[in-house]
Amino acid sequence: PSATERGKSFGEPQLADIRAEWGWVRKGIEEMLGDNEYLGIIPEDVFVACKTGAAHLWITEEGFVVTTGETDMVNGERIFLVWLAWAHKKGGNEAVRWFEFFEDQAREAGFTKFEVRTKYPKLGDYLQQELGFELVTANFGRRISGRT
C-alpha cells in the first residue's frame, strides 16, 4: 500500500514511486485534466515521465506535485518546473506552502530558474506578491472552429 493509503504522517514532501501511488494520483490527474483541456496530456503520459525519470512525483498527506526539468533553448538555462500540483482540499495553496522545499531541491539539482505555470490568476497573484515570482509570459489559447 502507498504512504497515503497507510495513513503515514510526514512533514515535507516525499519522493515517491509512481507505480505505488498510481491509484490516487491518477484520479487527481484526471480531475486536473477535466478542468484544463489545454494541458494536452493523458494520465499515462505522467506515469511514463515519472517511471523513466523525466519527471518526479512528490507526495504529502495533502496531495501531490509532479516536477520536471527543462532547458531554455536560447540561453541553456536549466528550469525546474512544477508541472502538476493537486490537493485533496482546494484553495489551500498546499503546493505553494512547500515552495522553499522545492527551491532547495532545484538548487541542489543544479537548476537556476524555478517556474510554475497556472491558469488560475489568483495563484499567479500569490506567486508574485508573496513569493517574489515575476510574470514571464502568459499563454492564451483558443480552439479553431471549423467553418460552416
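## Aromatic pairs and the sheet

A search of the whole structure finds 13 aromatic pairs (rings of Phe, Tyr and Trp, the last by its six-membered ring, with centres within 6.5 Å; planes under 30 degrees apart count as stacked, over 60 as edge-to-face and the rest as tilted). This is a predicted model, where local features need pLDDT of at least 70 and side-chain atom pairs count only at pLDDT 80 or more, while totals for chains, interfaces and linings use all residues. Residues are numbered from 1 along each chain as its sequence is written, and side-chain values use heavy atoms, leaving out hydrogens and water.

Here are two of the pairs:

| Pair | Class | Centre to centre | Angle between planes |
|---|---|---|---|
| Trp58 and Phe101 | edge-to-face | 5.5 Å | 80° |
| Phe99 and Phe114 | edge-to-face | 5.0 Å | 65° |

Trp58 sits in strand β2 (residues 55-59) and Phe101 in helix α5 (residues 99-108), so their pair ties together parts 43 residues apart in sequence. Phe99, in helix α5, and Phe114, in strand β5 (residues 113-116), are 15 residues apart. Helices (H or I, at least four residues) and strands (E, at least two) are DSSP runs, numbered from the N terminus. Trp58 and Phe101 are both buried, as are Phe99 and Phe114; buried means under 20% relative accessible area, with a 1.4 Å probe and protein chains only.

Two strands pair if DSSP finds at least two bridges between them. Strands β3 (residues 63-71) and β4 (residues 78-87) pair in the antiparallel sense over 9 bridges.

Methods: Buried means under 20% relative accessible area, exposed over 50%, partly exposed in between (1.4 Å probe, protein chains only).
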